[in-house]
Amino acid sequence: MRVLQITAFSGWGCTGRIAVGINTALISNGHESAIAWGRINTASTDLQTIQIGSSLDQKIHGLYTRLTDKCGFASKTVTKEFIRKIEDYHPDLIQLHIVHGYYVNLELLFKYIREKSIPVVWTFHDCWAFTGHCPYFDLVNCEKWKTGCHNCEQKAHHPTSWLLDNSEWNWKKKKELYADYDRLTVVTPSKWLKGLVQKSFLKNRNVIVINNGINLNNFRPVKGHFRRKYNIEDKTLIIGVSSTWAKSKGLDDFLQLSELLPKDYVIALIGLTSEQKKALPEQIIGIERTDSVRELAEIYTTANIFVNPTYEDNYPTTNLEALACGTPVVTYNTGGSVEAAGNDFGKIIEQGNIDGLCQYILSEEWKKISSDACVRQALEFEEMKKFNEYVRLYETIIYARK
(Lines give C-alpha, C1' and ligand atoms only; values in the text may rest on other atoms or scores of the structure.)
Protein backbone atom coordinates (compact mmCIF):
# COMPACT_ATOMS: atom_id res chain seq x y z
CA MET A 1 0.00 0.00 0.00
CA ARG A 2 1.34 3.41 -0.99
CA VAL A 3 0.09 6.46 0.93
CA LEU A 4 0.68 10.13 0.18
CA GLN A 5 0.06 12.66 2.95
CA ILE A 6 -0.64 16.28 2.01
CA THR A 7 -0.06 18.82 4.76
CA ALA A 8 1.01 22.39 5.39
CA PHE A 9 3.53 21.28 8.00
CA SER A 10 5.81 18.26 7.99
CA GLY A 11 7.41 17.58 11.37
CA TRP A 12 6.65 21.07 12.70
CA GLY A 13 3.85 21.68 15.19
CA CYS A 14 1.14 19.27 16.28
CA THR A 15 -0.18 18.43 12.80
CA GLY A 16 3.34 18.12 11.41
CA ARG A 17 4.29 15.61 14.12
CA ILE A 18 1.13 13.63 13.38
CA ALA A 19 2.07 13.43 9.69
CA VAL A 20 5.56 12.17 10.52
CA GLY A 21 4.15 9.72 13.07
CA ILE A 22 1.73 8.24 10.54
CA ASN A 23 4.62 7.97 8.08
CA THR A 24 6.65 6.04 10.67
CA ALA A 25 3.75 3.70 11.42
CA LEU A 26 3.19 3.01 7.71
CA ILE A 27 6.84 2.14 7.12
CA SER A 28 6.90 -0.04 10.26
CA ASN A 29 3.92 -1.98 8.91
CA GLY A 30 5.61 -2.64 5.57
CA HIS A 31 3.89 0.05 3.51
CA GLU A 32 5.22 2.91 1.38
CA SER A 33 4.75 6.50 2.45
CA ALA A 34 5.58 10.04 1.40
CA ILE A 35 4.74 13.47 2.82
CA ALA A 36 3.92 16.38 0.52
CA TRP A 37 4.29 19.66 2.40
CA GLY A 38 3.54 23.26 1.57
CA ARG A 39 4.90 25.53 4.31
CA ILE A 40 7.39 24.11 6.82
CA ASN A 41 9.37 20.87 6.80
CA THR A 42 11.47 19.92 9.81
CA ALA A 43 11.20 16.15 9.33
CA SER A 44 14.22 13.90 9.06
CA THR A 45 15.93 13.80 5.66
CA ASP A 46 15.42 10.01 5.75
CA LEU A 47 11.73 10.54 5.00
CA GLN A 48 10.46 10.76 1.44
CA THR A 49 9.05 14.27 1.11
CA ILE A 50 7.66 16.37 -1.74
CA GLN A 51 7.72 20.15 -1.56
CA ILE A 52 4.66 21.99 -2.89
CA GLY A 53 5.40 25.45 -4.29
CA SER A 54 7.60 28.06 -2.65
CA SER A 55 7.48 30.75 0.00
CA LEU A 56 6.85 33.32 -2.75
CA ASP A 57 3.76 31.45 -3.93
CA GLN A 58 2.51 31.22 -0.34
CA LYS A 59 2.81 35.00 -0.02
CA ILE A 60 0.91 35.51 -3.26
CA HIS A 61 -1.79 33.05 -2.15
CA GLY A 62 -2.00 34.82 1.22
CA LEU A 63 -2.41 38.21 -0.48
CA TYR A 64 -5.02 36.72 -2.82
CA THR A 65 -6.94 35.48 0.22
CA ARG A 66 -6.86 38.89 1.88
CA LEU A 67 -8.17 40.57 -1.24
CA THR A 68 -10.78 38.00 -2.31
CA ASP A 69 -11.65 35.88 0.76
CA LYS A 70 -11.03 32.73 -1.29
CA CYS A 71 -8.49 30.85 0.79
CA GLY A 72 -7.50 27.58 -0.85
CA PHE A 73 -8.36 28.66 -4.38
CA ALA A 74 -5.12 30.27 -5.59
CA SER A 75 -1.79 28.48 -6.33
CA LYS A 76 -3.09 27.07 -9.64
CA THR A 77 0.26 26.71 -11.40
CA VAL A 78 1.88 25.21 -8.31
CA THR A 79 -0.97 22.72 -7.86
CA LYS A 80 -0.77 21.60 -11.52
CA GLU A 81 2.94 20.92 -11.01
CA PHE A 82 2.16 19.07 -7.78
CA ILE A 83 -0.48 16.93 -9.48
CA ARG A 84 2.20 15.75 -11.94
CA LYS A 85 4.24 14.65 -8.91
CA ILE A 86 1.20 12.80 -7.55
CA GLU A 87 0.92 11.04 -10.92
CA ASP A 88 4.55 9.94 -10.64
CA TYR A 89 4.08 8.70 -7.07
CA HIS A 90 0.79 6.95 -7.92
CA PRO A 91 -0.66 6.61 -4.37
CA ASP A 92 -3.27 4.04 -3.39
CA LEU A 93 -4.66 6.54 -0.87
CA ILE A 94 -4.25 10.22 -0.04
CA GLN A 95 -4.25 11.49 3.54
CA LEU A 96 -5.12 15.18 3.86
CA HIS A 97 -4.33 17.32 6.88
CA ILE A 98 -4.47 21.15 6.85
CA VAL A 99 -5.02 22.40 3.29
CA HIS A 100 -5.82 26.05 4.08
CA GLY A 101 -2.22 27.13 4.50
CA TYR A 102 -1.92 29.17 1.29
CA TYR A 103 -0.10 26.47 -0.68
CA VAL A 104 -2.53 24.36 -2.74
CA ASN A 105 -5.62 24.85 -4.92
CA LEU A 106 -8.44 22.83 -3.44
CA GLU A 107 -10.55 22.85 -6.61
CA LEU A 108 -7.80 21.50 -8.89
CA LEU A 109 -6.72 18.94 -6.30
CA PHE A 110 -10.18 17.48 -5.77
CA LYS A 111 -11.01 17.49 -9.48
CA TYR A 112 -7.91 15.35 -10.00
CA ILE A 113 -8.73 13.08 -7.04
CA ARG A 114 -12.27 12.52 -8.33
CA GLU A 115 -11.07 11.90 -11.88
CA LYS A 116 -8.65 9.22 -10.66
CA SER A 117 -11.09 7.93 -8.01
CA ILE A 118 -8.40 7.98 -5.30
CA PRO A 119 -9.57 7.13 -1.77
CA VAL A 120 -9.07 10.08 0.60
CA VAL A 121 -8.80 10.21 4.37
CA TRP A 122 -9.07 13.79 5.58
CA THR A 123 -8.24 14.61 9.19
CA PHE A 124 -10.09 17.71 10.34
CA HIS A 125 -7.81 19.55 12.75
CA ASP A 126 -10.45 22.32 12.85
CA CYS A 127 -13.77 23.19 11.15
CA TRP A 128 -12.53 25.01 8.03
CA ALA A 129 -13.38 22.20 5.60
CA PHE A 130 -17.12 22.66 6.08
CA THR A 131 -17.42 26.42 6.67
CA GLY A 132 -17.34 29.35 4.29
CA HIS A 133 -14.42 31.01 6.03
CA CYS A 134 -13.49 30.27 9.63
CA PRO A 135 -11.68 27.39 11.36
CA TYR A 136 -13.89 27.87 14.45
CA PHE A 137 -17.18 29.65 15.08
CA ASP A 138 -17.72 29.15 18.83
CA LEU A 139 -16.83 32.69 19.91
CA VAL A 140 -19.58 34.21 17.76
CA ASN A 141 -22.08 31.35 18.24
CA CYS A 142 -22.57 31.07 14.47
CA GLU A 143 -24.60 28.22 12.94
CA LYS A 144 -24.71 29.41 9.31
CA TRP A 145 -22.30 26.62 8.35
CA LYS A 146 -25.14 24.12 8.75
CA THR A 147 -27.23 25.46 5.88
CA GLY A 148 -25.02 27.93 4.02
CA CYS A 149 -22.51 30.58 5.08
CA HIS A 150 -23.01 34.28 4.26
CA ASN A 151 -22.27 37.65 5.84
CA CYS A 152 -19.37 36.18 7.80
CA GLU A 153 -18.82 37.81 11.19
CA GLN A 154 -15.23 36.62 11.30
CA LYS A 155 -13.83 37.55 7.90
CA ALA A 156 -11.24 39.72 9.66
CA HIS A 157 -9.98 36.62 11.49
CA HIS A 158 -7.77 33.90 10.04
CA PRO A 159 -7.75 33.35 7.12
CA THR A 160 -8.07 37.13 7.06
CA SER A 161 -9.98 38.99 4.33
CA TRP A 162 -9.42 42.73 4.17
CA LEU A 163 -12.18 43.56 1.72
CA LEU A 164 -14.63 41.00 0.40
CA ASP A 165 -16.91 38.46 2.04
CA ASN A 166 -17.03 35.38 -0.17
CA SER A 167 -18.13 33.00 2.57
CA GLU A 168 -21.25 32.03 0.60
CA TRP A 169 -19.18 31.21 -2.51
CA ASN A 170 -16.60 29.28 -0.45
CA TRP A 171 -19.27 27.19 1.31
CA LYS A 172 -21.01 26.28 -1.96
CA LYS A 173 -17.73 25.51 -3.74
CA LYS A 174 -16.49 23.23 -0.96
CA LYS A 175 -19.82 21.40 -0.92
CA GLU A 176 -19.65 20.99 -4.70
CA LEU A 177 -16.09 19.65 -4.62
CA TYR A 178 -16.30 16.89 -2.01
CA ALA A 179 -19.63 16.62 -0.17
CA ASP A 180 -20.79 13.77 -2.41
CA TYR A 181 -17.39 12.13 -2.97
CA ASP A 182 -18.06 8.60 -1.78
CA ARG A 183 -14.37 7.73 -1.43
CA LEU A 184 -13.86 10.39 1.24
CA THR A 185 -13.48 9.31 4.86
CA VAL A 186 -13.31 12.02 7.51
CA VAL A 187 -11.23 11.59 10.69
CA THR A 188 -11.82 13.85 13.69
CA PRO A 189 -9.64 13.89 16.82
CA SER A 190 -12.69 14.44 19.03
CA LYS A 191 -16.25 13.22 19.37
CA TRP A 192 -17.27 16.87 19.59
CA LEU A 193 -15.98 17.62 16.08
CA LYS A 194 -17.51 14.42 14.71
CA GLY A 195 -20.86 15.68 15.94
CA LEU A 196 -20.38 18.95 14.05
CA VAL A 197 -19.37 17.19 10.83
CA GLN A 198 -22.54 15.11 11.02
CA LYS A 199 -24.58 18.34 11.05
CA SER A 200 -22.71 19.83 8.08
CA PHE A 201 -22.93 19.21 4.33
CA LEU A 202 -20.64 16.21 4.98
CA LYS A 203 -23.26 14.41 7.06
CA ASN A 204 -23.41 11.52 4.57
CA ARG A 205 -19.68 10.82 4.70
CA ASN A 206 -18.08 8.23 6.96
CA VAL A 207 -16.63 9.91 10.08
CA ILE A 208 -14.08 8.13 12.30
CA VAL A 209 -12.70 9.39 15.62
CA ILE A 210 -8.95 8.94 16.11
CA ASN A 211 -7.72 10.95 19.09
CA ASN A 212 -4.47 12.87 18.98
CA GLY A 213 -1.71 11.09 20.88
CA ILE A 214 1.50 12.08 22.62
CA ASN A 215 4.98 10.66 22.98
CA LEU A 216 5.07 9.18 26.47
CA ASN A 217 8.85 8.85 26.33
CA ASN A 218 9.04 12.63 26.14
CA PHE A 219 6.11 13.56 28.34
CA ARG A 220 6.50 11.90 31.70
CA PRO A 221 7.29 13.09 35.23
CA VAL A 222 10.80 14.57 35.22
CA LYS A 223 12.65 16.70 37.74
CA GLY A 224 13.93 20.16 36.88
CA HIS A 225 15.00 23.52 38.26
CA PHE A 226 12.14 25.70 37.05
CA ARG A 227 10.98 26.74 40.53
CA ARG A 228 14.49 27.55 41.71
CA LYS A 229 15.19 29.52 38.51
CA TYR A 230 12.20 31.81 39.13
CA ASN A 231 12.45 31.77 42.95
CA ILE A 232 8.97 30.30 43.42
CA GLU A 233 9.85 27.19 45.43
CA ASP A 234 7.24 27.99 48.11
CA LYS A 235 4.46 29.02 45.69
CA THR A 236 1.48 27.17 44.23
CA LEU A 237 2.27 27.07 40.51
CA ILE A 238 -0.43 27.27 37.84
CA ILE A 239 0.65 26.94 34.21
CA GLY A 240 -0.87 27.50 30.79
CA VAL A 241 0.66 26.30 27.52
CA SER A 242 -0.24 27.27 23.97
CA SER A 243 1.59 27.53 20.64
CA THR A 244 -0.13 30.91 20.17
CA TRP A 245 -1.82 33.01 22.82
CA ALA A 246 -4.94 35.04 22.06
CA LYS A 247 -8.34 35.78 23.54
CA SER A 248 -9.67 32.51 22.09
CA LYS A 249 -7.01 30.60 24.06
CA GLY A 250 -7.89 32.35 27.31
CA LEU A 251 -5.08 34.88 27.61
CA ASP A 252 -7.43 37.59 28.92
CA ASP A 253 -8.87 35.09 31.42
CA PHE A 254 -5.40 34.39 32.82
CA LEU A 255 -4.84 38.12 33.26
CA GLN A 256 -8.08 38.41 35.25
CA LEU A 257 -7.30 35.25 37.23
CA SER A 258 -3.92 36.68 38.28
CA GLU A 259 -5.73 39.61 39.93
CA LEU A 260 -7.95 37.29 41.98
CA LEU A 261 -5.32 34.90 43.35
CA PRO A 262 -3.35 35.66 46.53
CA LYS A 263 0.39 36.31 46.37
CA ASP A 264 1.36 32.76 47.30
CA TYR A 265 -0.04 31.60 43.92
CA VAL A 266 1.88 32.24 40.70
CA ILE A 267 0.96 31.74 37.05
CA ALA A 268 3.42 30.80 34.28
CA LEU A 269 2.38 31.03 30.63
CA ILE A 270 4.44 29.23 27.99
CA GLY A 271 4.32 30.10 24.29
CA LEU A 272 4.05 33.90 24.49
CA THR A 273 5.56 36.36 22.04
CA SER A 274 8.14 38.84 23.27
CA GLU A 275 5.55 41.63 22.99
CA GLN A 276 3.02 39.68 25.04
CA LYS A 277 5.64 39.07 27.74
CA LYS A 278 6.26 42.80 28.10
CA ALA A 279 2.56 43.45 28.73
CA LEU A 280 2.19 40.89 31.55
CA PRO A 281 1.50 41.88 35.17
CA GLU A 282 4.08 40.97 37.81
CA GLN A 283 2.04 37.98 39.01
CA ILE A 284 2.57 36.13 35.71
CA ILE A 285 5.83 34.57 34.51
CA GLY A 286 6.00 34.83 30.72
CA ILE A 287 7.97 32.28 28.70
CA GLU A 288 8.37 32.28 24.94
CA ARG A 289 7.74 29.16 22.89
CA THR A 290 10.23 26.40 23.65
CA ASP A 291 11.27 23.69 21.21
CA SER A 292 12.79 21.72 24.09
CA VAL A 293 10.41 18.89 24.96
CA ARG A 294 12.50 18.13 28.04
CA GLU A 295 12.11 21.69 29.32
CA LEU A 296 8.36 21.62 28.69
CA ALA A 297 7.99 18.28 30.52
CA GLU A 298 9.90 19.72 33.49
CA ILE A 299 7.49 22.68 33.67
CA TYR A 300 4.44 20.42 33.42
CA THR A 301 5.82 18.18 36.17
CA THR A 302 6.67 20.92 38.64
CA ALA A 303 3.30 22.66 38.23
CA ASN A 304 0.51 22.06 40.73
CA ILE A 305 -2.27 22.60 38.18
CA PHE A 306 -2.49 22.94 34.41
CA VAL A 307 -5.22 25.39 33.37
CA ASN A 308 -6.63 25.48 29.82
CA PRO A 309 -9.26 28.26 29.59
CA THR A 310 -9.75 27.80 25.84
CA TYR A 311 -12.82 29.07 24.02
CA GLU A 312 -12.12 27.25 20.73
CA ASP A 313 -10.42 23.88 20.53
CA ASN A 314 -10.67 20.54 18.82
CA TYR A 315 -8.63 18.14 20.97
CA PRO A 316 -5.73 19.94 22.69
CA THR A 317 -2.71 17.73 23.26
CA THR A 318 -1.52 20.09 26.00
CA ASN A 319 -4.14 18.49 28.27
CA LEU A 320 -2.64 15.07 27.56
CA GLU A 321 0.92 16.31 28.05
CA ALA A 322 0.07 17.71 31.47
CA LEU A 323 -1.62 14.47 32.57
CA ALA A 324 1.33 12.41 31.32
CA CYS A 325 3.59 14.49 33.58
CA GLY A 326 1.28 13.82 36.55
CA THR A 327 -0.44 17.21 36.69
CA PRO A 328 -4.24 17.70 37.09
CA VAL A 329 -6.03 19.57 34.29
CA VAL A 330 -8.62 22.32 34.68
CA THR A 331 -10.32 23.26 31.40
CA TYR A 332 -13.31 25.16 30.15
CA ASN A 333 -16.22 23.15 28.80
CA THR A 334 -15.06 23.76 25.24
CA GLY A 335 -15.09 21.51 22.17
CA GLY A 336 -13.04 18.35 22.60
CA SER A 337 -10.97 19.78 25.44
CA VAL A 338 -13.09 17.96 28.02
CA GLU A 339 -12.66 14.56 26.35
CA ALA A 340 -9.03 14.08 27.33
CA ALA A 341 -9.46 15.31 30.88
CA GLY A 342 -12.58 15.35 33.03
CA ASN A 343 -13.51 15.87 36.66
CA ASP A 344 -11.69 12.68 37.68
CA PHE A 345 -8.37 14.28 36.71
CA GLY A 346 -9.09 17.93 37.44
CA LYS A 347 -12.14 20.07 36.81
CA ILE A 348 -14.39 21.20 33.98
CA ILE A 349 -15.45 24.85 34.33
CA GLU A 350 -18.03 26.66 32.23
CA GLN A 351 -16.56 29.07 29.69
CA GLY A 352 -15.68 32.47 31.11
CA ASN A 353 -16.45 31.55 34.71
CA ILE A 354 -13.25 33.03 36.10
CA ASP A 355 -14.65 33.25 39.62
CA GLY A 356 -15.48 29.52 39.49
CA LEU A 357 -12.00 28.79 38.16
CA CYS A 358 -10.43 30.78 40.97
CA GLN A 359 -12.62 29.15 43.63
CA TYR A 360 -11.64 25.66 42.45
CA ILE A 361 -7.96 26.53 42.55
CA LEU A 362 -8.22 28.04 46.04
CA SER A 363 -10.28 25.11 47.34
CA GLU A 364 -7.26 22.87 46.70
CA GLU A 365 -9.55 19.99 45.76
CA TRP A 366 -6.99 19.23 43.06
CA LYS A 367 -4.67 17.97 45.81
CA LYS A 368 -6.89 14.87 46.08
CA ILE A 369 -5.92 13.86 42.52
CA SER A 370 -2.84 11.69 42.51
CA SER A 371 -0.08 12.15 39.97
CA ASP A 372 -0.11 8.39 39.34
CA ALA A 373 -3.80 8.52 38.34
CA CYS A 374 -3.06 11.30 35.86
CA VAL A 375 -0.18 9.35 34.34
CA ARG A 376 -2.30 6.20 34.01
CA GLN A 377 -5.00 8.19 32.21
CA ALA A 378 -2.44 9.40 29.69
CA LEU A 379 -1.37 5.84 28.82
CA GLU A 380 -4.49 5.53 26.69
CA PHE A 381 -3.14 8.22 24.36
CA GLU A 382 0.29 6.80 23.50
CA GLU A 383 0.92 8.22 20.06
CA MET A 384 2.02 5.06 18.21
CA LYS A 385 -1.28 3.44 19.17
CA LYS A 386 -3.05 6.33 17.46
CA PHE A 387 -0.79 6.30 14.39
CA ASN A 388 -1.42 2.59 13.96
CA GLU A 389 -5.16 3.28 14.07
CA TYR A 390 -4.62 5.32 10.90
CA VAL A 391 -2.74 2.45 9.28
CA ARG A 392 -5.54 0.01 10.09
CA LEU A 393 -8.07 2.46 8.66
CA TYR A 394 -6.08 2.77 5.43
CA GLU A 395 -5.78 -1.01 5.14
CA THR A 396 -9.52 -1.45 5.63
CA ILE A 397 -10.27 1.12 2.92
CA ILE A 398 -7.75 -0.21 0.39
CA TYR A 399 -8.40 -3.91 0.88
CA ALA A 400 -12.18 -3.43 0.87
CA ARG A 401 -11.88 -1.62 -2.44
CA LYS A 402 -9.74 -4.38 -3.95
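Predicted model: local features only at pLDDT ≥ 70, side-chain atom pairs only at ≥ 80, totals over all residues.
Residues are numbered from 1 along each chain as its sequence is written, and side-chain values use heavy atoms, with hydrogens and water left out.

Helix α3 spans residues 76-89 and helix α4 residues 106-116. Helices (H or I, at least four residues) and strands (E, at least two) are DSSP runs, numbered from the N terminus. The two helices pack at about 30°, and their axes lie 9 Å apart. This angle makes α3 roughly parallel to α4. Angles under 35 degrees count as roughly parallel, over 145 as roughly antiparallel, 65 to 115 as roughly perpendicular and the rest as oblique. Axes are lines fitted to C-alpha atoms, for helices over the stretch in contact, with angles from 0 to 180 degrees between N-to-C directions.

On the α3 side, the contact is made by Lys76, Thr79, Lys80, Phe82, Ile83, Ile86 and Glu87. Their partners in α4 are Leu108, Leu109, Tyr112 and Lys116. Contact means heavy atoms within 4.5 Å. The residues of this contact divide into 6 nonpolar, 1 polar and 4 charged. Here Ala, Val, Leu, Ile, Met, Phe, Trp, Tyr, Cys and Pro count as nonpolar, Asp, Glu, Lys and Arg as charged, and the others, Gly among them, as polar.

The largest nonpolar core holds 59 residues. Such a core is a set of buried Ala, Val, Leu, Ile, Met, Phe, Trp, Tyr and Cys residues joined through side-chain atoms within 4.5 Å. Buried means under 20% relative accessible area, exposed over 50% and partly exposed in between (1.4 Å probe, protein chains only). Ile238, Ile239, Leu257, Tyr300 and Ile361 touch the most other members. Strand β9 (residues 265-272) gives the most to this core, with 7 residues. Beyond residues up to four places away in sequence, Ile238 touches Phe254, Leu261, Tyr265, Val266, Ile267, Ala268, Ile305, Val307 and Ile361. Another core, of 55 residues, lies apart from it and includes Ile52, Phe124, Phe130 and Cys142.

Thr188 lies in strand β6 (residues 184-188). Thr188 counts as buried, at 0% relative accessibility. Neighbours within four places aside, its contacts are Phe124, Leu193, Lys194, Val197, Val207, Ile208, Val209 and Ile210.

Several loops carry backbone features. Ser75, in the loop between α2 (55-68) and α3, has a positive phi of about 55° although it is not a glycine. Ser75 is buried, with a relative accessible area of 7%. Tyr102 also is not a glycine, yet has a positive phi of about 65°. Tyr102 sits in the loop between β4 (93-96) and α4 and is buried at 9% relative accessibility. A cis peptide bond joins His158 and Pro159, with omega about -5°. Pro159 belongs to the loop between β5 (120-123) and α5 (167-178).

Trp169 lies in helix α5 and is partly exposed, at 31%. Apart from neighbours within four places in sequence, Trp169 contacts Lys70 and Phe73.
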